[in-house]
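Visitor: I'm new to this one. Could you walk me through how to read it?

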Amino acid sequence: MKLIIIDYGAGNIKSIQFAFKRLGVDAILSNNIDEIKTADKVIFPGVGEASSAMKMLQESGLDKIIPTLKQPVLGICLGMQLMCNFSEEGNTKGLGIFDVEIKRFSNAVKVPQMGWNTVSNLKSALFTGVKEKEFMYLVHSFYAENCKECIATTTYETAYAAALQKDNFYGVQFHPEKSSLAGEQLLKNFLELQTNN
Amino acid sequence: MLTKRIIPCLDIKNGRTVKGVNFVNLIDAGDPVILAKQYAELGADELVFLDISATLEGRKTMLEMVLKVAEQVNIPFTVGGGISSVADVDLLLKSGADKVSINSSAIKRPELVNELAEKFGNQCVVIAIDAKQIDGEWIVHLAGGTIPTNLNLFDWAKEVEARGAGEILFTSMNNDGTKAGFANEALAKLSTELNIPIIASGGAGTVQHFIDTFKIGKSDAALAASVFHFGEIAILDLKQALEQHNIPVRI
């Protein structure tokens, strides 16, 4: 299995690489377009600020490539948010894969949301073996609204999309690489998804 | 519902855990990686590693430790102690730390908080504040709580929030080491006046102290060392007690 973690300069990707290593898979860090296109599975990570991360994607031409990928792609945290239409963070236009906007939590709650919260209404093969109301680790100030592509919800101020799926594209707001056994199960499920590339 | 976090804290010197740790039968209680794995399995929500090495060599060893922890542990962890520059943080995050905790360096040069938040995002910037209540006023202290500054706890906490801190780790010097409970009045004030998560530290001795800091102190997380290391409180028992008191926890 050729698993690529897109390395475009955004955030701590070591932890994701280590999480796959614990599952016995050596993930390759790369920003090489040909290598990404020919991978069996692609991880699209991201930590930090949306507009600067988007800028880094544009500089490497990855913003054009990612939406055309045919194999399973998993966006994590900011990666998931960048796969959406638009983010209020830095008024950033996203990749437009998921038809939803990213909003900021209001100051009625503490921002960022930091810690373990439950995921419910689980709908995809990505969650095979993960029980309803399982805990996942989240750190974020912006969220995807509940929408038709939502495959898991979490509640913080409001019920929002903790995970999204459209065709071969998957996105999770939480950090599976830091979410103990439940997170490992999800990454394992992603590895077992069928590849159509 | 977002749960309250329980965070064991490990003091590290030259890559080894300091003081005895004695809560289960471990082959090597001085190995922080083995301990971290054990805590993750026992239900800790996060871990904090505090580097108390005073030498350059010790710091290098710390980086190696961070890499090993990231390799083997599947819950988030924060690294603190002696971090004073953007370059220090860059190395720690690249080695796999999820967050860094900054204390004295932020007091000496507050702009560091802005620089870190801008470069790495506020989610990974924890500001640790040691404060002592003197004649009714909470005064921020430097160097492990030994040197008083002219900063007021609440003013300083609000300033670092405005500069981009993602979280506050507040240690009360009055409570630390007493095992008589957390400084819940000050914690509740911090939690009400700020809009970022507050971690309570200093004073944990009994399960009731944790219940109180979440209920009365409005803390988002509670950090402790010796009660966990010496097996006085088992994390699972603690979480079950918290749940019985309607405090949301991850079990």
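Predicted model: local features only at pLDDT ≥ 70, side-chain atom pairs only at ≥ 80, totals over all residues.

Visitor: How many disulfides does the structure hold over all chains?

Guide: A disulfide is a covalent bond between the sulfur atoms of two cysteines. Here the test is a pair of cysteine sulfur atoms within 2.5 Å, and the count over all chains is zero.

Visitor: Is A:Cys150 buried or exposed?

Guide: Buried means under 20% relative accessible area, exposed over 50%, and partly exposed in between, using a 1.4 Å probe and protein chains only. A:Cys150 has 4% relative accessibility, so it counts as buried. A:Cys84 is buried too, at 0%.

Visitor: Which residues touch the most other members of the largest nonpolar core?

Guide: In soluble globular proteins, nonpolar side chains tend to be buried together. A nonpolar core here is a set of buried Ala, Val, Leu, Ile, Met, Phe, Trp, Tyr and Cys residues joined through side-chain atoms within 4.5 Å. The largest has 78 residues, and those touching the most other members are B:Phe49, B:Ile127, B:Ile168, B:Phe170, B:Phe210 and B:Phe228. Leaving out residues up to four places away in sequence, B:Phe49 has contacts (heavy atoms within 4.5 Å) that include B:Leu10, B:Met62 and B:Phe77. Apart from that core lies another, of 39 residues, A:Val109 and A:Tyr143 among them.

Visitor: Which strands pair with β6(B)?

Guide: Strands are DSSP E runs of at least two residues, numbered from the N terminus, and two of them pair if DSSP finds at least two bridges between them. β6(B) covers residues 125-134, and seven of its ten residues are buried. Three bridges join it in parallel to β5(B), residues 99-102, with B:Ile102 partnering B:Ile127. Six parallel bridges link β6(B) to β9(B), residues 167-172, where B:Val126 partners B:Glu167. With β7(B), residues 137-142, β6(B) pairs in the antiparallel sense over five bridges, among them B:Asp130 with B:His141.

Key:
Residues numbered from 1 in each chain as written. Chains lettered and ligands numbered in written order. Heavy atoms only, no water. Helix = DSSP H or I, 4+ residues; strand = E, 2+ residues; numbered from the N terminus.
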